[in-house]
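Visitor: I have a model open and would like to go through some of its contacts. Could we begin with the packing of helices?

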Amino acid sequence: MVKKRAASSEIDNLPKHVAIIMDGNGRWAKKRGLPRIAGHRAGVGALQEIVNLSAKAGIEVLTVYAFSSENWKRPRTEISMLMELFASSLRQRFKGLHDNNVRLRFMGDLSLFPEKLRTSMKDAENLTTNNTGLKLVVAVNYGGRWDITNAFIQLCNKIKDKEVRIEDINEALIGEYVCLSDLPEPALFIRTGGEMRISNYLLWQLAYTELYFDDCLWPDFGAANLEKAFEWYAGRERRFGRTSEQIEHA
Ligand code: IPE
Ligand code: IPE
Ligand code: MG
């Protein structure tokens, strides 16, 4: 008999914050004899579905890796097509997201993006700022090392301006300067595409995140995959350094 998988609405203990590396678009396209950009386009569709499902399940934050600081090393044609795809997806999908009460945020060094794209990203953030549903954070030109370096520069400037003393520096203070500091820490990390690496994603923020890997290529990642990840997460014992006994008796 085929075991029926629980719908995410039936799973207790859903993660508040899910961070995803959406990998495998290129391979998805190659398998079909299509250009890589076709895989990226299909990837936008998969993201839309995962956003809808996460919002419906009551997930608080979804942070997705759309373009890493290392992705600039790709062929120029792929990069420019990706920039066009970001811009067109934002235009086409914005209304649906807004109607679905999604609050949008972009995370990363946006200074290298075309001015027009940066303006539409800012507009999208401003227009959805009062939405109370799922917080969708899109990491673009993001790198975990960039994030930590950025925090370091900000703190050094505060020290220079005598707003912070070296004695005040501790993990909590550094944590205030990295991205996502105002949100719950990522509880569940998902990487599709089969690679078992972090690829310079949220290096600081993933310190105690549960890491889940799915061989499925991102454009094929759907409801069944997400539910499987949620089920796996629900079965984890998050000890944060304590013993099992301490957790059981808490
Ligand atoms: C992830 O898919 C999307 C981006 C990095 C923009 P890839 O483009 O890395 O797909 P694969 O890994 O080559 O299959
Ligand atoms: C990570 O995927 C970045 C994104 C999904 C945006 P990559 O495909 O760039 O990662 P590597 O290079 O295989 O580690
Ligand atoms: Mg890849």
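Visitor: Which residues of H3 meet H4?

Guide: In this predicted model, the residues on the H3 side are Met 83, Phe 86, Ala 87, Leu 90, Phe 94 and His 98. They meet Leu 117, Ser 120, Met 121, Ala 124 and Leu 127 in H4.

Visitor: At what angle do H3 and H4 pack?

Guide: The angle is about 15°, and the axes of H3 (residues 76-99) and H4 (residues 115-127) are 10 Å apart. Because angles under 35 degrees count as roughly parallel, H3 is described as roughly parallel to H4. The crossing of H3 past H4 is left-handed.

Visitor: Let us change topic. How many aromatic pairs does the structure hold?

Guide: There are 13 aromatic pairs. One of them joins Tyr 208 and Phe 240 in a tilted arrangement, 5.1 Å centre to centre with 50° between the planes.

Visitor: Where do Tyr 208 and Phe 240 sit in the chain?

Guide: Tyr 208 is in the loop between strand S5 (188-191) and strand S6 (210-213), and Phe 240 is in the loop between helix H7 (223-234) and helix H8 (244-248). The pair thus links distant parts of the chain, 32 residues apart. Tyr 208 is partly exposed at a relative accessible area of 44%, and Phe 240 is also partly exposed, at 42%.

Visitor: And what sort of pair do Tyr 212 and Trp 232 form?

Guide: Tyr 212 and Trp 232 form a tilted pair, with 5.2 Å centre to centre and 55° between the planes. Tyr 212 belongs to strand S6 and Trp 232 to helix H7, so this pair ties together parts 20 residues apart in sequence.

Visitor: Is Tyr 212 buried or exposed?

Guide: Tyr 212 counts as buried, at 9% relative accessibility. Trp 232 is partly exposed, with a relative accessible area of 27%.

Visitor: Which residues form the aromatic cluster?

Guide: One aromatic cluster consists of Tyr 65, Tyr 142, Trp 146, Phe 189, Tyr 201 and Phe 213.

Visitor: Last topic: what is Ser 68 in contact with, leaving aside its neighbours within four places in sequence?

Guide: Apart from those neighbours, Ser 68 is in contact with Asn 141 and Tyr 142. Ser 68 lies in strand S2 (residues 61-68) and is buried, with a relative accessible area of 7%.

How values were computed. Residues are numbered from 1 along each chain as its sequence is written. Chains are lettered from A and ligands numbered from 1 in the order in which they are written. This is a predicted model: local features need pLDDT of at least 70, side-chain atom pairs count only at pLDDT 80 or more; totals for chains, interfaces and linings use all residues. Side-chain values use heavy atoms; hydrogens and water are left out. Axes are lines fitted to C-alpha atoms, for helices over the stretch in contact, and angles run from 0 to 180 degrees between N-to-C directions. Helices (H or I, at least four residues) and strands (E, at least two) are DSSP runs, numbered from the N terminus. Angles under 35 degrees count as roughly parallel, over 145 as roughly antiparallel, 65 to 115 as roughly perpendicular and the rest as oblique. A crossing is left-handed if the near helix is turned anticlockwise from the far one by less than a right angle, and right-handed if clockwise. Contact means heavy atoms within 4.5 Å. Rings of Phe, Tyr and Trp (its six-membered ring) pair if their centres lie within 6.5 Å; planes under 30 degrees apart count as stacked, over 60 as edge-to-face and the rest as tilted. Buried means under 20% relative accessible area, exposed over 50%, partly exposed in between (1.4 Å probe, protein chains only).
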